[in-house]
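Here are a few exercises to work through with the model open beside you. Try each task before reading its solution.

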Amino acid sequence: MTISIVSDTAAPALRQTIAMLRNKGPLVGAMGRRLIHDTSLHVMQWGIGHPNKLGGRRTNYWGRIAQKINPGDCLQVQANSATVTLGGPTMPGLMRAFGDITIFPGTKTAGVKYLAIPARAESYGMRAREFGNLVLFWKGKGRVGGLAEAVTTTRTRKTSKGEKGSEYFRPGLIMYWFAESVTVPQDRSILPSEQEWSESVNAGATDWVNLQLRKIKGGA
Amino acid sequence: MLSLAQQVADAREDLPTSLGTDELRKLGSNILRQSLFSARMTNAAAVQGVRNAITAILSGMDDQTSDTVADARLKLKAVGQMLGYDPATGFPGGPEVPPAEAGTLQDLFSTQRLDLILDTQDKMTKGAAKNIWGNEAAELEEYPAWELVRGFAVEVPRGTKETKKGEEEVPEDAWDGKEGRWAAALDEADDDEASAIFESSGRMVARKDSDVWQALGDGAGDHGDTLGNDFEPFAFNSGMVRIPVSAADFEAIGGDPDGVEADETEFGADKVKVGEDRFDTDILKTLKESLESGDLKFRVKVEVTP
């Protein structure tokens, strides 16, 4: 996703004044930096305010994404324009702000047929393979339902030589549901609104102009 | 192009070590900043595994999306199995590692331990990268100060302790508060300006070139859980981060935004100069008036591409 600071609502005379600013790079750069800092803070606070639905331990997924949103990595400044690039493979999830995201299994590990959806708080942030005691459970018609904690049961049967016991595992607490795909609904609130972004760039512009005037007056 | 955090990670040397956390701290922050390590991680292949896991979190590998911590942890557990690591006996034929109970923090490939390694290394590379982009000339001029804020939710924040009777307050361990770590670091750094800001506003704000950041990382107030860095995470399992404070905001709370010097860093340009460009006063004044009156409004255009 790219965010460009593209135009203004200035009257023609004011446009001429802006056009006289020979190097607009510093001005649009300041606007881009403000937009980036405000976006990073917004994503960080959004993450803190949105704990896991099951109440499990926090993975701080959004906090980690927020730390990747910085001018060093996301800002490109040209002579007359600034472009902020967010999202892409290093920030998966941010695109959810603009539409539903459907996740399919096997994109990271080839051959995986199902996504394992946490069913309990303790399975959140853990991969199913990290538990050593899970067994499959079925949900009728031969369809696999997910993974549950294995409960050991001893079954005894009478034989000609007396009673013989054998252990087997049966599903206990359900830890993960299996799904062939998952669609995470759009949530525009993950990122600032376009109105908030516009406010950020205008605040960045105002601060930059004030800073330059201060420098001319002998400060900074 | 590699992200700044990835470049920081790439610049660091692998440091397989039998040293524990306290001994590692004694090596000094310079060595630790430039090394990729984990206490008692003696096996070079295991440290390489950690490096690959960090790369996958920061940048993704083989054109895939970035790994989550859980993805990376699973891969590292596979590395531990491949190397034949056993918490009771260590690495087969390798340098000795103190025996550990499986599943504990001392077990080098336990979930708890790997989470700590990955979380710390992920935050450290991003924190060091922040010292690079945060000290670039324009950034330094427009945002001369940092503010310490909570960026990650944690189960038990510093300043509280879980006891049998419930949560108990430990004010000297908290980041904020009069007895907390920030106050201790301000004392040690002798930063009067940041102290005045803290007293009047309660905000943990200081110039980027203040010694308070290093004092915080060095464990001012006698804290033994810090990492020796002037960037986050200042201590293990910390959820605190620095966010930039604009010159206008800094001045409004009593700070002096002028003449902040660039932090020296082992990773990037350590000498930067604040831009000397001067702009026409009349144009600037017109812009200022137009922005303040609302006659001039900039808009952003968002292009969403998959």
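**Exercise 1.** In this predicted model, find how many residues of chain A are in contact with chain B, and which element of chain A gives the most to that side.

*Solution.* Start with the count: taking C-beta atoms within 7 Å as contact, 68 residues of chain A meet 59 residues of chain B. Next, look at the elements of chain A that each supply at least two residues: strand S1 (2-8), helix H1 (12-20), helix H2 (25-48), helix H3 (61-68), helix H4 (71-74) and helix H5 (194-216). Among these, H5(A) gives the most, with 15 residues. Finally, sort the side of chain A by class: 33 residues are nonpolar, 22 polar and 13 charged.

**Exercise 2.** Describe how domain 1 and domain 2 of chain A are placed and where they touch.

*Solution.* First set the bounds: domain 1 of chain A covers 1-99 + 189-220, and domain 2 covers 101-184. Their centres, taken over C-alpha atoms, are 45 Å apart. Then turn to the contacts, where eight residues of domain 1 meet eight residues of domain 2. On the domain 1 side, two of the residues are nonpolar, four polar and two charged.

**Exercise 3.** Why does one side of S6 and of S7 in chain B lack a neighbour in the sheet?

*Solution.* Write down the strand order first: S6-S3-S7, an open sheet of three strands with antiparallel pairing. Strand S6 (205-207) and strand S7 (240-245) of chain B are at the edges with a single partner strand each, so one side of each has no neighbour in the sheet. Neighbouring strands are turned by 35° on average, direction ignored. To check one pairing, follow S3 (residues 145-150) of chain B: six bridges join this strand to S7(B), running antiparallel, and B:Ala145 stands opposite B:Val245.

Terms used
Residues are numbered from 1 along each chain as its sequence is written. Chains are lettered from A and ligands numbered from 1 in the order in which they are written. This is a predicted model: local features need pLDDT of at least 70, side-chain atom pairs count only at pLDDT 80 or more; totals for chains, interfaces and linings use all residues. Domain bounds come from an automatic or database domain assignment. Two residues are in contact if their C-beta atoms, placed from the backbone, lie within 7 Å. Ala, Val, Leu, Ile, Met, Phe, Trp, Tyr, Cys and Pro count as nonpolar, Asp, Glu, Lys and Arg as charged, and the others, Gly among them, as polar. Helices (H or I, at least four residues) and strands (E, at least two) are DSSP runs, numbered from the N terminus. Two strands pair if DSSP finds at least two bridges between them. Axes are lines fitted to C-alpha atoms, for helices over the stretch in contact, and angles run from 0 to 180 degrees between N-to-C directions.
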